[in-house]
Amino acid sequence: MSFYTMGIETSCDETSVSILKDQRDVLVNLVSSQIDTHKLFGGVVPEIASRMHLEAINPLIEKALLDAKLNYSDLDLIAVTKGPGLIGALLVGISAAKALSIATGKDIIGVNHMQGHICANYIADKNLEPPFVTLVVSGGHTYLCVVKSYTDYEVIGTTRDDAAGETFDKVARSIGLGYPGGVKIDKLAKEGNSQAIDFPRAWLEKDSFDFSFSGLKTAVLNFVNESKMKNNEINKADISASFQEAVMDVLVTKSMRLIDESGIKKFAISGGVAANSRLRELCTKECAKRNVKFFYPPIELCGDNAAMIAVAGFLNYQNGKSDNNYLKVYPNLSL
Ligand code: KG4
Ligand code: ZN
């Protein structure tokens, strides 16, 4: 007998509903992105996000079942993102999941969005099993951890200020690339010289696995402002390439140090920034040098999606966890 989990994700600007068969078999993963609306405002507008989730969620749930050729009664579990994320946006997903759970009598489980990101790797590679070292880099969070088992995560390092993705978005805005900035910087950086500008790297204390990106962000903003004041033309491609290199240098060097110290021979990346081509290139090279197997999700599973939430929910449920209709949202949840 197959086990069907419906995943629901509404933490930020993507409404997503998925249906997962057993542990890793994604039958449907529908994603409705709000980016075209938010980019008019230069970033995510929380109130608009909530309203758009509300409009999209029910039709997506119905379409997911139709596409999977299943009925409500076929579902075994409803997995929904409980945090971190925008409070109003999260509430839409949680409310829909509770309504489904009450109507069908099926169990509900709240999922940590960041655990979801890591689980995207299980969909991409059906053979990946813990333990492995992982770097989770999204718009709001940066984590370096050891995945000890499917449900046990040890956070070794995190950002002390801005998240990696957030820094990409802010730098992109400062050079007029618009929102969302990560993918635009990634593209433009290919035409630039990554050695053109010597932007700072915050290594922090010698043995620290933490990150800090606010100094780098300020350095880029200062560089742009000074150039404008001096009427120097700014080379956006060089700024993009040099900035990206500074972020990736620190992310990859610290990840590799953890791999070396832990002796673990598997490394996985996830989250929106895991789509970055330079990050993938550097990790591929550094892992090959160390004989470490490198895992990364396809681009569509790096961004927010409900398939990864369904996998995380299924794994936690299998490990004996579940919630009930008192499930709350946790906007500031950490990993
Ligand atoms: O994981 P995600 O979709 O949403 C959150 O949970 O935050 O991550 C979104 C972040 C944004 O900051 C976006 O600019 C960044 O991922 N991003 C990228 C790339 N594609 C998306 N950053 C660098 N390079 C990319 N190719
Ligand atoms: Zn995310």
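Is His117 buried or exposed? His117 is buried, with a relative accessible area of 1%. Buried means under 20% relative accessible area, exposed over 50%, and partly exposed in between, using a 1.4 Å probe and protein chains only.

Before moving on, some ground rules. This is a predicted model, in which local features need pLDDT of at least 70 and side-chain atom pairs count only at pLDDT 80 or more, while totals for chains, interfaces and linings use all residues. Residues are numbered from 1 along each chain as its sequence is written, chains are lettered from A and ligands numbered from 1 in the order in which they are written, and side-chain values use heavy atoms, with hydrogens and water left out.

**Stop 1: the zinc ion**

Select ligand 2, the zinc ion, with His113, His117 and Asp304. These residues are its protein donors, through NE2, NE2 and OD, at 2.0 to 2.1 Å. Donors are N, O and S atoms within 2.8 Å of the metal (3.2 Å for Na, K and Ca); water is not among the atoms, so sites may look incomplete. Along the chain, the donors of the zinc ion follow the spacing H-x3-H-x186-D. His117 and Asp304 link distant parts of the chain, 187 residues apart. His117 sits in helix α4 (residues 113–124), and Asp304 in the loop between α10 (299–302) and α11 (306–318). Helices (H or I, at least four residues) and strands (E, at least two) are DSSP runs, numbered from the N terminus. Asp304 counts as buried, at 15% relative accessibility.

**Stop 2: ligand 1**

A polar side-chain atom of His113 lies 3.1 Å from an oxygen atom of ligand 1. Now show the residues around ligand 1. There are 18, and Gly139, Asp169, Asp186, Gly272 and Asn276 come nearest. A residue is near a molecule or strand if one of its heavy atoms lies within 4 Å of it. Pick out Gly139: a polar backbone atom there is 2.8 Å from an oxygen atom of ligand 1. Then pick Asp169, where an N or O atom of the side chain is 2.6 Å from an oxygen atom of ligand 1. Taken alone, ligand 1 exposes 550 Å², and the protein buries 85% of that. Accessible areas come from the Shrake-Rupley method with a 1.4 Å probe; for residues, only the protein chains shown count as cover.

**Stop 3: Glu166**

Select Glu166, in helix α5 (residues 164–174). Leaving aside neighbours within four places in sequence, Glu166 is in contact with Ser138 and Gly139. Contact means heavy atoms within 4.5 Å. Glu166 is partly exposed, with a relative accessible area of 24%. Draw a distance from its C-alpha atom to that of Gly182: 8.5 Å, across 16 residues of chain.

**Stop 4: Ser16**

Go to strand β2 (residues 14–21) and select Ser16. Its relative accessible area is 0%, so Ser16 is buried.

**Stop 5**

Select Ser212, in the loop between α6 (181–189) and α7 (214–229). Its side chain makes a polar contact with the side chain of Asp161, at 2.6 Å. A polar contact is a pair of N or O atoms within 3.5 Å; within protein, one must be able to donate a hydrogen and the other to accept it, and residues adjacent in sequence count only if both atoms are side-chain atoms. Ser212 counts as buried, at 15% relative accessibility. Beyond four places in sequence, its contacts include Leu204. Leu204 has a positive phi of about 60° although it is not a glycine.

**Stop 5: backbone features**

Select Gly83 and Pro84: a cis peptide bond joins them, with omega about -5°. Next, Tyr179 and Pro180 are also joined by a cis peptide bond, with omega about -5°. Finish this stop at Asn291, a residue other than glycine with a positive phi near 60°. Asn291 is exposed, at 65% relative accessible area.

**Last stop: the cysteines**

How many disulfides does the structure hold? It holds 0. A disulfide is a pair of cysteine sulfur atoms within 2.5 Å.
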